[in-house]
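Trainee: I am new to this structure and would like to go through it with you. Could we take it piece by piece?

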Amino acid sequence: MNAFIRTLVSLVVVIATSLCATPTRAEDGYDLWMRYRLLAPEQVKLYGGHASQLIIGSATPTQTVTREELQRGLDGLLGHGPLLSHDITRDGAIIVGTPSSSPLIAQLKLDTKSLGNEGYLIRSVAVNGHTATAIVGNTDVGALYGAFHFLRLLQTEQSIDHLDIRESPRLKLRVLEHWDYLNGQVERGYAGASIWDWWKLPDWRAPRYTDYARANASIGINGTVLNDVTDGATILTPTYLEKVAALADVFRPYGIRVYLSIRFSAPIEIGGLKTADPFDPQVQRWWREKADEIYRIIPDFGGFLVKANSEGQPGPEDYGRTHADGANVLADALAPHGGIVMWRTFVYSQNNPDDRAKQAYEEFKPLDGHFRANVILPVKNGPIDFQPREPFHPLFGAMPKTPLMMEFEITKEYLGFATHLVYLGPLYEEVLSADTMVHGKGSTVAKVIDGSLEGHTLTGMTGDSNIGTDRNWTGSDFNQANWYVFGRLAWNPTLSSRTIADEWVRMTFTNNNAFVKPVVDMMMRSREAVVDYMTPLGLVHIMGPGHHYGPAPWDASESRADWRPVYYHRADHQGIGFDRTNTGSDAVAQYAPPIAAQFNDLKQTPEQYLLFFHHVPWDYRMRSGQTLWYELIAHYTQGVDDVKQMRETWRHMDGYIDDERYQQVATFLAIQQKEAQWWRDACIAYFQSISGLPLPSGYAPPQQSLKYYESLTFPFVPGFSSWQ
């Protein structure tokens, strides 16, 4: 009996021990880069002496959320929160606020004039004989941004001794654009349905809305467009404005203003008018009254985003008016309230059969200087449509009297949707650092959009969101990096995309350098890999038409020429590429003369843009000495090989992070390799059928026949439905 009892007791002890053991914490990606996990003991000891007290007011909603964020972050990172105090009683206090809200900060007499309304400084100071860290802004929002920066220093294990950091945003408007419909669907959404539950608003304000605001504020995003640019006029009705106001209430403490995409024909659709002509006095009055109504409900409403006379949308050209005429009637209605109009330049129609790449320039360049002061024009990064690689848009630098706003796509509409690991930082950096040469060397796109090139004060960057109801927000963990890098570059468009990737990896996964360096290297290679296996050497838009999933360079089925992949590559027996030189469409003439001369010359054109500007013979000798045909096959193959290497890199990361996120990334990389191979083989099979050339020695033939690839159909692609 005693032996039985001893065995039973031992079993109970084993069970109890296993129940009390702390397992590796499962993670689902919901916390994004704000995980605030406990740091290593040596870091806790190092930072603990700098976080003994937290001195911050709570008189305003922004002060309250700043205090809560610091408490949450410090408690998670250090294992204990600082003592909340009103006065400094020991070394290591953190003082947060503004000179007007904090007597302690006021007595420091810090120079905050250059910070503006959103900037901040973080400085190691001495107060009443005690060491402290001051996080200071001219406004509560500036101090909030500073608090997030301070937490980022701890998250990435940076030194916080002798701090002297001064930051201000380079761009005034830093906006996320949601392509969300009121029915819950998301155009080009690969992370589930819309996060806005319009049915339950305004009464139910989901906690996810607050976490969304926290994430945006942590990277300096200060605006959000709630609905898609093709979503009709219902959003402007009183019922929905009350719902929008509820979201604005949630976002306001975090410095985020709401904007709405509006339908130009709203005066007809919900106003009962017979026209939307911007010159009609009744239309002008309707927009003024609608603006007054909005601002009564949402006093800090940001303004309107408009897509007009593009892809079938109504606009001022329906009445013989210009884009400036249309934008200005809205701007006049918003101006008394401080609102702005973001009037998109993404316009193209089948009435311009010459070259789709030219239309935005041709329509907007003559209107330079005709827009109201509170109008800014979002311009896509390239002249086609968010391709894996395009040259920078020729409008950048071409409208010196009009502020232009960079528009990037964060959702990967053309880059593998949710499952392909493609870090967009290098794409963004490539465009922002491109030199327009409009005022000689150094006239970068970044200087165009930050206003420094032409002296504009209304500046901005907008990004088309990749956010949905998926638990990890963006469809995959690595897609979070694209949201993150967008915000960081919108704050400062000259930052390094590699530096941003490094800090994101450290905050999102681990500070272990054995993980950080190879994963950052993998991220930095990923965009070039997707260019290689999808659209190398300047090819664009050869995806499946409509849904944009997978390769379809053979497709000529669409009713409009500029929706057909064959329109863009123009491959024939002699060669491949779109002639945009002065012997072709002359799109090169839209660039400044030095750039135009470079793109016009086959020998001078960078090979990464070669087929965008030139129709090139298959046997043309590239700089490598190989033929164009050889190089095309080599690039397609290299793209697949790069994805294989990404998988191998990730295989060695097992054990460094939680198994849940590790396994999902591993699975998605397997999908990416399979689809990269599909891209490579389908494109090679098609282009070989056109060129009639044998594959170069050493390169494997496609795994299937061209007929097989052409037979594939995809009626249920995510992010695309018949209503689009």
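Trainee: What is the bridge partner of Val96 in strand 5?

Mentor: The partner of Val96 there is Ile135. Strand 3 (residues 93-97) and strand 5 (residues 130-137) run parallel and are joined by 5 bridges. Helices (H or I, at least four residues) and strands (E, at least two) are DSSP runs, numbered from the N terminus. This is a predicted model, in which local features need pLDDT of at least 70 and side-chain atom pairs count only at pLDDT 80 or more, while totals for chains, interfaces and linings use all residues. Residues are numbered from 1 along each chain as its sequence is written, and side-chain values use heavy atoms, with hydrogens and water left out.

Trainee: What is the strand order in the open sheet of 6 strands?

Mentor: The order is 2-1-3-5-4-6, with mixed pairing; two strands pair if DSSP finds at least two bridges between them. Strand 2 (83-84) and strand 6 (164-167) are at the edges with a single partner strand each, so one side of each has no neighbour in the sheet.

Trainee: Which strands does helix 5 touch?

Mentor: Helix 5 (residues 140-155) packs on the sheet and touches strand 3, strand 4 (120-127), strand 5 and strand 6. Its direction makes about 75 degrees with that of strand 4. Here contact means heavy atoms within 4.5 Å. Axes are lines fitted to C-alpha atoms, for helices over the stretch in contact, and angles run from 0 to 180 degrees between N-to-C directions.

Trainee: Is helix 5 enclosed or open, and how many of its residues are buried?

Mentor: Helix 5 is largely enclosed by the rest of the structure, because 16 of its 16 residues are buried. Buried means under 20% relative accessible area, exposed over 50%, and partly exposed in between (1.4 Å probe, protein chains only). Just after this helix, Glu157 takes a positive phi of about 60 degrees.

Trainee: Changing topic, which way do the side chains of strand 7 point?

Mentor: Leu173, Val175 and Glu177 point one way, Arg174 and Leu176 the other, and all are buried. Strand 7 covers residues 173-177. It runs parallel to strand 14 (residues 460-464), to which 5 bridges join it, and there Val175 has Thr462 as its bridge partner.

Trainee: And how many bridges join strand 7 to strand 8?

Mentor: There are 3, and these strands also run parallel. Glu177 stands opposite Val225 in strand 8. Strand 7, helix 6 and strand 8 make a right-handed β-α-β unit; right-handed means that, with the strands pointing away from the viewer, the path from the first strand over the helix to the second runs clockwise.

Trainee: What do the buried residues of helix 7 pack against?

Mentor: They pack against helix 6 (207-218), strand 8 (223-225), strand 9 (257-262) and helix 9 (281-297). Among the buried residues of helix 7 are Tyr240, Leu247 and Phe251.

Trainee: Which residues have the most contacts inside the largest nonpolar core?

Mentor: They are Phe251, Trp287, Trp343, Trp483, Trp650 and Phe687, in a core of 209 residues. Helix 21 (residues 659-691) gives the most to this core, with 12 residues. A second, separate core of 15 residues includes Ile95, Leu104, Val127 and Val136. A nonpolar core is a set of buried Ala, Val, Leu, Ile, Met, Phe, Trp, Tyr and Cys residues joined through side-chain atoms within 4.5 Å.
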